[in-house]
Amino acid sequence: KGLSPEDAWNKNMVLLIETAKVHCALFLVDNFVGVVQGVKLQQPALYDILRKLSDLFALFHMKEYMRYFVEFGYLSSDQAGLVDEEVLNLCAELRKDAVPLVDAFNYPDWVLKAPLGRYDGDIYNRFFETVTDAPNCTGRPDYWQDLVQPLTAPRPKANL
């Protein structure tokens, strides 16, 4: 509409950035699904879990850009709701495999810093250690004396 290429580019910059993000998401999903299809032939025992992960990955990105699917008529609002349901279903199915999946990356516990998912299973002691090792986790904070204590001090009774 009579704009120079530079002005047209600048006017549509937000849409261009969104388009680039969606394109990158599609590229990632497409490659993940492609690799999983290759695993089906090479290591069939891993296929089911990896297919569920790739489905979850794809649905995660669909949810992130759902407005475009609905806005351009690829999905109805009812179908968009089904995406949410399937994400919850896949999470429930993958829950039992969560620890082995994380373990597959072979990150040591000290890198993950996750007291509840420790390899040795010592959840409660590790969680207590994590909490008590946090700075300023015990005692009263510096502001307590000035801000909180006056609110908790007994008040003199009114003489009526």
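This is a predicted model: local features need pLDDT of at least 70, side-chain atom pairs count only at pLDDT 80 or more; totals for chains, interfaces and linings use all residues.

Trainee: Is H61 buried or exposed?

Mentor: Buried means under 20% relative accessible area, exposed over 50%, and partly exposed in between, with a 1.4 Å probe and protein chains only. H61 is buried because its relative accessible area is 13%. The residue is found in helix α3 (residues 44-64), helices being DSSP runs of H or I with at least four residues, numbered from the N terminus. Leaving aside neighbours within four places in sequence, H61 is in contact (heavy atoms within 4.5 Å) with A25 and V29.

Trainee: Which residues make up the largest nonpolar core?

Mentor: A nonpolar core is a set of buried Ala, Val, Leu, Ile, Met, Phe, Trp, Tyr and Cys residues joined through side-chain atoms within 4.5 Å. Here the largest one has 10 residues: I49, L56, L59, M66, L75, A80, V83, V87, L90 and L94. Not counting residues up to four places away in sequence, V87 touches L56, L59 and K63.

Trainee: How many salt bridges does the structure hold?

Mentor: Side chains of opposite charge can pair when their charged atoms come close. A salt bridge is a side-chain nitrogen of Lys or Arg within 4 Å of a carboxyl oxygen of Asp or Glu, and the structure holds seven. One of them joins E93 and K52, with the closest N and O atoms 3.3 Å apart. This pair links distant parts of the chain, E93 in helix α5 and K52 in helix α3, 41 residues apart. K52 is buried, since its relative accessible area is 12%, whereas E93 counts as partly exposed at 34%.

Trainee: Where does N106 lie, and what is its phi?

Mentor: Most residues other than glycine have a negative phi. N106, however, has a positive phi, near 60°. The residue lies in the loop between α6 (98-104) and α7, and N106 counts as exposed because its relative accessibility is 65%.

Definitions and conventions: Residues are numbered from 1 along each chain as its sequence is written. Side-chain values use heavy atoms; hydrogens and water are left out. Helices (H or I, at least four residues) and strands (E, at least two) are DSSP runs, numbered from the N terminus.
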